[in-house]
Amino acid sequence: MLIMLLICSYSTATYGDGLVVDKVYHPYVLANEQEVEWRFMSSQTDTYNRLGQRLGYGRSLSDTFAIDVYLIGHRDDNLDFGLSAYEIEGRWMLTEQGQYWADWGMLFEVEKKYRTNDWEVTTGFIAEKEFGKSSLTVNFFIVQEWGDNIPTEMETEFRLKYRYRFMPEVQPAFEVYSGEDFFGLGPAFMGIHRFEGQKQLKWELGFISEVSHSGKDHTLRFALEYEF
């Protein structure tokens, strides 16, 4: 089953080329869940305006494990937008919601560059803790890259989201992203609109500013996810 994606490649805020600002993952998996997802990202620096999108399909294989498949694309330096990579992603829910002091999960990703022999593998932990109407979500990832056109190296990434569940449709949040030569933070919003049965539409909007360097590096991200 396919997930199609398009994702951008920014300077210090890029994945595959080092993307740090992307998405804060939650540890939860629903049985018999299917989803279609679209992500949009735009990164503005002093010299570049990079643009990318991601469109994907995924489904749960059990009540604790889900898999997604992606096509990734971005606009290059010649301002041409096209396919840049493929990715397969697995999410494993390690604990039941509310079973322990925090809910735990793991993420596994394998990305292959389009038309080149370049690879990226990501592995990491996801944790979420609820405090009344507030939630704190933390991601910690190890990223290994290698190939014909990129150096072989290992990096770490950290992502954090504090969210206030004001109402299902509108939940203000604050996000932090940290990776190689990048530390950014900024406001975000997300919401869920539930339909009949298990069907629901999720949305996210965030604006992340890099604060560890003097130059401008802002990232606007937007995501829609339909689960059924």
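Visitor: Let's start with charge. Why can side chains pair up, and how many salt bridges does the structure hold?

Guide: The general idea: side chains of opposite charge can pair when their charged atoms come close. In this predicted model, there are 17 salt bridges.

Visitor: Show me one. What does Glu130 form a salt bridge with?

Guide: Its partner is Arg165, and the closest N and O atoms sit 3.8 Å apart. The two come from distant parts of the chain, 35 residues apart: Glu130 belongs to strand β6 (residues 118–131), while Arg165 is in the loop between β8 (153–164) and β9 (171–179).

Visitor: Are those two residues buried, exposed or partly exposed?

Guide: Here you need the cut-offs: buried is under 20% relative accessible area and exposed is over 50%, with partly exposed in between. Glu130 has 37%, so it is partly exposed. Arg165 has 21%, so it also counts as partly exposed.

Visitor: What about Lys161? Which side chain does it meet in a salt bridge at 3.3 Å?

Guide: That would be Glu175, with the 3.3 Å taken N to O. Glu175 is in strand β9 and Lys161 in strand β8, so this pair ties together parts that are 14 residues apart in sequence. As for accessibility, both Glu175 and Lys161 are buried.

Visitor: And which side chain meets Lys161 at 3.6 Å?

Guide: Glu204 does, again in a salt bridge and again N to O. Lys161 sits in strand β8 and Glu204 in strand β11 (residues 200–210), so the parts tied together here are 43 residues apart in sequence.

Visitor: Which residues do salt bridges with shared partners join into one network?

Guide: Look at Asp22, Lys23, Glu37, Arg39 and Glu225: salt bridges that share partners join them into one network.

Visitor: Okay, on to the nonpolar side chains. Which residues make the surface patch?

Guide: The patch covers about 1000 Å², and its residues are Phe131, Leu136, Tyr162, Tyr164, Phe166, Met167, Val170, Phe174, Phe189, Leu205, Phe207 and Leu220.

Visitor: Which strands each supply at least two residues of that patch?

Guide: Both β8 and β11 do.

Visitor: Let's finish with Met167. Where does it lie, and is it buried or partly exposed?

Guide: Met167 is in the loop between β8 and β9. Its relative accessible area is 36%, so Met167 is partly exposed.

Key. Residues numbered from 1 in each chain as written. Predicted model: local features only at pLDDT ≥ 70, side-chain atom pairs only at ≥ 80, totals over all residues. Heavy atoms only, no water. Salt bridge = Lys/Arg side-chain N within 4 Å of Asp/Glu carboxyl O. Helix = DSSP H or I, 4+ residues; strand = E, 2+ residues; numbered from the N terminus. Buried < 20%, exposed > 50% of the residue type's maximum accessible area, 1.4 Å probe, protein only. Patch = residues over 30% accessible without salt bridge, like charges linked within 9 Å, V, L, I, M, F, W, Y side chains within 5 Å. Areas by Shrake-Rupley, 256 points an atom, 1.4 Å probe, with all protein chains shown as cover.
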